[in-house]
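These notebook entries record what I looked up in one structure. I begin with the core and end with the loops.

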Amino acid sequence: MNCSEREIESVKIAGMLHDVGKIAIPDSVLLKPDRLTFEEFEVIKTHPEVGEQILKPILLFDQERNIILHHHERWDGKGYPDGLAGADIPFLSRILAAADAFDAMTNNRPYRPAMDVGSAIAELEKNRNSQFDERIVDAFLKIL
Ligand SMILES: [Fe+2]
């Protein structure tokens, strides 16, 4: 996708640190095996901002902080924390969002078992242009 070496390095670092804000979320919410209540989901939704704040004193992660802050935005504007849409979402956050969704779907979660790769691909394709930037889904599936 014509990323520079610096951008590739940034998305790699952000990929490793993107959920660091979950450290502030109680296990009772984070590991809950059932569907989350509205209030519990509101707590989960704080993790990108908490993560961004945790990394703030480390100047080295200046670029990565912004990627992390927006990794749950959606292409259609229905994400969080800021409800950014389309090209207003930082490009590297959009890449992270697609990769993170694939990783989440294909791994076991407290509330559901891992999905097979074919079903995860179908899910990404289904959400091209709603949750995800379609160009990123296409590039990701091409690599896959
Ligand atoms: Fe996250």
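**Entry 1: the core**

I looked up the largest nonpolar core first: it has 18 residues, and L96, A98 and F132 have the most contacts inside it. I noted that such a core is a set of buried Ala, Val, Leu, Ile, Met, Phe, Trp, Tyr and Cys residues joined through C-beta atoms within 7 Å. A residue is buried if 20 or more other C-beta atoms lie within 10 Å of its own, exposed if 12 or fewer, and partly exposed in between, with C-beta atoms placed from the backbone. At least two residues of this core come from each of α1, α5, α6 and α8. The largest share, seven residues, is supplied by α6. Nonpolar side chains tend to be buried together in soluble globular proteins.

I recorded the conventions here. The model is predicted, and local features need pLDDT of at least 70, side-chain atom pairs count only at pLDDT 80 or more, and totals for chains, interfaces and linings use all residues. Residues are numbered from 1 along each chain as its sequence is written.

**Entry 2: helix α6**

Helices are DSSP runs (H or I, at least four residues), numbered from the N terminus. I found that α6 has 15 residues and reaches 22 Å from its first C-alpha to its last. This is close to the expected 21 Å, the expected span being 1.5 Å times one less than the number of residues.

Which residues of α6 are buried? They are L92, S93, R94, I95, L96, A97, A98, A101 and F102. Their cover includes α1 (5-17), α5 (62-69), α7 and α8 (134-143).

I then listed the contacts of L96, where contact means C-beta atoms, placed from the backbone, within 7 Å. Leaving out residues up to four places away in sequence, L96 touches V11, A14, G15, H18, I67 and H71.

**Entry 3: α6 against α7**

Two packed helices are described by the angle between their axes and the distance between the axes. The axes of α6 (residues 91-105) and α7 (residues 117-126) come within 9 Å and cross at roughly 145°. Axes are lines fitted to C-alpha atoms, for helices over the stretch in contact, and angles run from 0 to 180 degrees between N-to-C directions. I noted A98, A101, F102 and M105 on the α6 side, meeting A120, E123 and L124 of α7. By class, this contact has six nonpolar, no polar and one charged residues.

**Entry 4: Y111 and P33**

I located Y111 in the loop between α6 and α7, and P33 in the loop between α2 (27-30) and α3 (38-44). Along the chain Y111 and P33 are 78 residues apart, yet their C-alpha atoms are separated by 4.2 Å. Y111 touches K32, P33 and D34, not counting residues up to four places away in sequence.

Why does Y111 count as exposed? It does so because it has 11 C-beta neighbours inside 10 Å. P33 also counts as exposed, because it has 8 such neighbours inside 10 Å.

**Entry 5: backbone exceptions**

Most residues other than glycine have a negative phi, and most peptide bonds are trans. I looked up the departures. The peptide bond from Y80 to P81 is cis, with omega near 10°, and P81 is found in the loop between α5 and α6. N129, in the loop between α7 and α8, has a positive phi near 75°. N129 counts as partly exposed because it has 13 C-beta neighbours inside 10 Å.

Technical notes. Contact = placed C-beta atoms within 7 Å. Nonpolar A, V, L, I, M, F, W, Y, C, P; charged D, E, K, R; others polar.
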